[in-house]
Amino acid sequence: MEGPGTYEDRELTCRDCGMPFAFTAGEQLFYASKGLLNVPQRCPGCRAAAKRARAAGGPRELHAAVCHACGGQAIVPFAPRPDKPVYCSSCFERVRPSAPLPSA
Ligand SMILES: [Zn+2]
Ligand SMILES: [Zn+2]
């Protein structure tokens, strides 16, 4: 176990681009002051890119698929699976099960 005040620059490997990057003593101190026990997984460049992706609505990928009902193009936020029908947004409104009706 390391005591306080023993921070040294460390070299970590970015999990995104695989490049080595420095986890400096100052950053380690900052992490420790925040109570963060995990070391950063990404280099500063990839961290900024990931942050931008999150700000832009998340790392969610959109996939194009063929609508099961009308045969039109459906854009879905998940990878389409062959055993699950995919619907375009307008068909999804019609086919989704047990849609609550506004009238009681
Ligand atoms: Zn990187
Ligand atoms: Zn459709």
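Here is a quick tour of one protein chain, from its overall layout down to single residues.

This is a predicted model, so local features need pLDDT of at least 70, side-chain atom pairs count only at pLDDT 80 or more, and totals for chains, interfaces and linings use all residues. Residues are numbered from 1 along each chain as its sequence is written, while chains are lettered from A and ligands numbered from 1 in the order in which they are written.

**The overall layout**

- You'll find 3 helices and 4 strands in the chain; helices (H or I, at least four residues) and strands (E, at least two) are DSSP runs, numbered from the N terminus.
- Follow the sequence along and the pattern reads β-β-α-α-β-β-α.
- Of the chain's 104 residues, 5% count as buried. Buried means that 20 or more other C-beta atoms lie within 10 Å of the residue's own, exposed means 12 or fewer, and partly exposed is in between, with C-beta atoms placed from the backbone.
- Take the contacts with a separation of 6 or more: residues 24 or more positions apart account for 20% of them. A contact here is a pair of residues whose C-beta atoms, placed from the backbone, lie within 7 Å.

- Strand β1 (residues 10-13) pairs with strand β2 (residues 20-23) in the antiparallel sense, over 4 bridges. To count as a pair, two strands need at least two bridges between them as found by DSSP.
- Look across from glutamate 11 and you'll see alanine 22 in β2.
- There are 6 residues between the two strands of this hairpin, and glycine 18 takes a positive phi near 75 degrees.
- Arginine 10 belongs to β1, and this residue is partly exposed because it has 13 other C-beta atoms within 10 Å.
- Arginine 10 and phenylalanine 21 sit 11 residues apart in sequence, with 8.3 Å between them in space, C-alpha to C-alpha.

- Glutamate 27 is part of helix α1, which covers residues 25-33. This glutamate 27 counts as partly exposed because it has 16 C-beta neighbours inside 10 Å.
- From glutamate 27 to tyrosine 7 is 20 residues in sequence and 9.3 Å in space, C-alpha to C-alpha.
- Helix α2 (residues 44-55) has 12 residues and reaches 16 Å from its first C-alpha to its last, close to the 16 Å expected at 1.5 Å a residue. That expected span is 1.5 Å times one less than the number of residues in the helix.
- The number of buried residues among the 12 of α2 is 0, so this helix lies largely in the open.

- Strand β4 (residues 73-76) runs antiparallel to β3, and 4 bridges join them.
- Two facing pairs to look for: histidine 63 stands opposite valine 76 in β4, and valine 66 stands opposite glutamine 73 in β4.
- This hairpin has 6 residues between its strands, and glycine 71 in the turn shows a positive phi of about 75 degrees.
- Alanine 64 lies in β3 (residues 63-66), and it is exposed because it has 10 other C-beta atoms within 10 Å.
- Set aside neighbours within four places in sequence, and alanine 64 is in contact with Gln73 and Ile75.
- Alanine 64 and proline 77 are 13 residues apart in sequence but 8.9 Å apart in space, C-alpha to C-alpha.

Methods
Contact = placed C-beta atoms within 7 Å.
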